Amino acid sequence: MPVAKKSSTRTVTALIDELVSALLGTDVHHSNHPQVQETVDSLQHQLLDLTHQLGQDSLCLAVLDDLLVFQDKPLLSASLSASRLIRSLGNLGASGLELHAGATKEHISSLLEALAGPRVSGQDFRSVNALLSGQGCVDIKLHDPLSLGDKDVKPEAVSSTLGPAARVYQTGIAILQDMTVDIGLGRRISLDMVRNHVERMYELMQTQDGPLMNLASYEQDDAFTLGHSVRVTVLAMNLACTMTEDVETIVRLGNAAMLHDVGKALIPLELVLSRAALEEDELIEVQKHAEKGGEMLMDHGADPLAVTVAFGHHRLRHEGGYPHTRHKYMPSTGTEIVKICDVFEALTANRPYRPRMLPPDAYRVMLGMKGHFDQHLLRCFIQRTGLFPAGQIIQLKSGEIARVIKQSNSLDEPVVEILTSPGGDQLSESDHQILDLSAPSVEEVRKVEGVVDLPEVADDPNLNL
Ligand SMILES: [Fe+2]
Ligand SMILES: [Fe+2]
């Protein structure tokens with residue numbers, strides 16, 4: 001697998017992710033919470049590194065609709081989990097954010113406090129700038145909408161916007177972020193929002209062939225890893241579609257998948273966000289998310305399926321796993337489906353502490369996890385998701401780059417959309433050919449050569465999310 005280059009787009013994406021994570025932490029606690037301060041510390045260092053790498057003394061992030069833009073380039077990947085930041089800036093009437101290399105931890109904390117929480121009446125980007133400069137902070141500034149088109153971004157230069165699938169994906173993460181904040185603040189949560197959104201996700205999966213599945217394999221180490229729950233939802237509904245035509249059952253399962261890790265909002269922030277290996281007692285604390293999630297959903301009168309999935313998604317088939325129960329416990333089929341999708345997503349997504357696995361390697365690991373999964377369901381999942389899941393970018397032996405659209409009857413010969421010529425030239429969208437690689441007419445030269453590492457292409461507008 002090719003090694004990803006550390007481009008400035010990727011680095012700025014990592015910085016935005018930290019910023020959103022710190023913002024969520026500030027929303028629930030305060031910017032002086034030790035874990036938020038650790039994130040702020042990391043942010044400060046990333047800002048220094050990035051400005052140094054760019055040879056600039058500052059970094060400007062602009063907001064255009066639901067997208068963050070950097071140097072006239074839409075940051076598709078970063079924007080997916082940044083709607084809370086985008087919304088905060090929008091609420092203040094700001095068109096963007098300017099961060100200078102010299103910004104101190106105190107200045108970044110002041111910014112977080114200004115962006116977090118409900119908007120104070122009369123507060124706008126001007127009053128925030130005045131507040132910041134009153135605190136001696138001249139290194140951070142919110143931008144005037146009129147400055148759009150000046151140094152920040154030329155709207156006409158940004159050709160791309162979030163497509164419908166990415167919008168639905170972004171909203172899913174935003175709903176889970178809002179829920180995390182509500183739980184952290186001891187408020188009641190709105191389960192209807194989740195259920196309604198899962199219905200929208202299901203409808204999208206029906207009307208367009210696989211765009212949400214494309215996003216399910218879209219690499220994203222997002223703040224609080226809430227994208228994980230959205231991706232597990234897509235994978236679970238995709239598998240359920242092969243087992244039943246009953247829409248209510250599929251949506252109920254999607255709803256349960258969206259909520260499976262909701263108990264993590266009740267686990268101390270420093271453990272949820274820890275990038276270091278956890279001590280045994282810390283691990284036990286994190287494992288309580290299953291029980292706490294189940295309990296909380298029951299208290300809220302959630303669908304019993306969501307309660308059982310949240311409670312049982314880390315239990316083994318017969319005994320073992322957690323939470324521990326005195327009585328014999330058989331996970332439901334819904335729980336078994338979510339369990340498979342949960343582990344597959346975790347193995348194939350990038351995490352700060354390890355690189356992602358390719359699907360065939362993840363399947364190998366999962367097939368070796370004795371007693372963990374329902375073997376029949378696991379085989380169905382592998383068949384449905386394939387060796388090259390929808391969204392995977394692959395190279396054909398001819399040299400053409402293609403994107404997997406869906407599975408065929410052959411595990412390693414998916415249906416693809418050809419994106420480039422054999423020489424690597426981008427094809428215009430009207431020239432994108434859809435090809436079933438399992439068809440007898442497809443020559444050997446157009447079989448799969450290997451995968452292209454997604455980070456290199458993740459922010460390419462031609463991916464047309
Ligand atoms: Fe979990
Ligand atoms: Fe999970």
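# Sheets and helices in a predicted model

Me: Which strands make up the open sheet that contains β10, and in what order?
Reply: In this predicted model, five strands form that open sheet, in the order β9-β8-β7-β6-β10, and the pairing is antiparallel.

Me: Which strands stand at the edges there?
Reply: β9 (434-436) and β10 (448-451) stand at the edges. Each has a single partner strand, so one side of each is left without a neighbour in the sheet.

Me: How are neighbouring strands of this sheet turned against each other?
Reply: On average they are turned by 40° against each other, direction ignored.

Me: How many bridges join β7 to β8?
Reply: There are 4 bridges between strand β7 (residues 401-406) and strand β8 (residues 415-418), which run antiparallel. One pairing involves Arg403, whose bridge partner in β8 is Glu417.

Me: What holds strands of a sheet together in general?
Reply: Strands of a sheet pair through backbone hydrogen bonds, either parallel or antiparallel.

Me: Now the sheet with β1. What is its strand order?
Reply: The order is β3-β2-β1-β4-β5, an open sheet of 5 strands with antiparallel pairing. β3 (73-74) and β5 are the edge strands; each has a single partner strand, so one side of each is left without a neighbour in the sheet.

Me: Which helix packs on that sheet?
Reply: Helix α4 (residues 83-91) packs on it, touching β1, β2 (67-70), β4 and β5. The direction of α4 makes about 85° with that of β1.

Me: How do β1 and β4 pair?
Reply: Strand β1 (residues 58-64) and strand β4 (residues 96-100) pair in the antiparallel sense over 5 bridges. Ser58 stands opposite His100 in β4.

Me: And how many bridges join β1 to β2?
Reply: β1 and β2 run antiparallel and are joined by 4 bridges. The bridge partner of Ala62 in β2 is Val69. The hairpin of these two strands has 2 residues between them, and Asp65 takes a positive phi near 55° there.

Me: Changing topic to helices: which residues of α6 are buried?
Reply: In helix α6 (residues 125-134), the buried residues are Phe125, Val128 and Asn129. Seen down the axis of α6, they fall within an arc of 100°, so they line one face of the helix.

Me: Why do residues three or four places apart point the same way in an α-helix?
Reply: An α-helix has 3.6 residues a turn, so residues with that spacing point the same way.

Me: What covers the buried residues of α6, and what is on the face turned away?
Reply: The cover includes α5 (105-115) and β5 (140-143). The face turned away from the buried side carries the exposed residues Ala130 and Gly134. After the helix comes Gly136, whose phi is positive, near 80°.

Me: Which residues are buried in α17?
Reply: Leu378, Phe381 and Thr385 are buried in α17. Seen down the axis of α17, these residues fall within an arc of 60°, so they line one face of the helix. They pack against α10 (226-240), α15 (333-348) and α16 (359-367).

Me: Which exposed residues lie on the face of α17 turned away from its buried side?
Reply: That face carries the exposed residues Gln375 and His376. The helix is followed by Gly386, which has a positive phi near 80°.

Me: Where is Arg379, and why does it count as partly exposed?
Reply: Arg379 is found in helix α17 (residues 375-385). It counts as partly exposed because it has 13 C-beta neighbours inside 10 Å, whereas a buried residue needs 20 or more and an exposed one has 12 or fewer. From Arg379 to Tyr363 the distance is 9.4 Å, C-alpha to C-alpha, and the two are 16 residues apart in sequence.

Me: How do α8 and α11 cross?
Reply: The axes of helix α8 (residues 191-207) and helix α11 (residues 247-258) come within 9 Å and cross at roughly 120°. The two helices are therefore oblique to each other, and α8 passes α11 in a right-handed crossing. Residues that meet there include Val194 and Tyr202 in α8, and Ile250 and Met258 in α11.

Me: At what angle do α11 and α15 pack?
Reply: They pack at an angle of about 50°, with their axes 10 Å apart. That makes α11 oblique to α15, and the crossing is right-handed. The contact is made by Leu253, Ala256 and Ala257 of α11 and by Gly334, Ile337, Val338 and Cys341 of α15.

Conventions: Residues are numbered from 1 along each chain as its sequence is written. Chains are lettered from A and ligands numbered from 1 in the order in which they are written. This is a predicted model: local features need pLDDT of at least 70, side-chain atom pairs count only at pLDDT 80 or more; totals for chains, interfaces and linings use all residues. The arc is that of the directions from the helix axis to the C-beta atoms. Two residues are in contact if their C-beta atoms, placed from the backbone, lie within 7 Å. Two strands pair if DSSP finds at least two bridges between them. Axes are lines fitted to C-alpha atoms, for helices over the stretch in contact, and angles run from 0 to 180 degrees between N-to-C directions. Angles under 35 degrees count as roughly parallel, over 145 as roughly antiparallel, 65 to 115 as roughly perpendicular and the rest as oblique. A crossing is left-handed if the near helix is turned anticlockwise from the far one by less than a right angle, and right-handed if clockwise.
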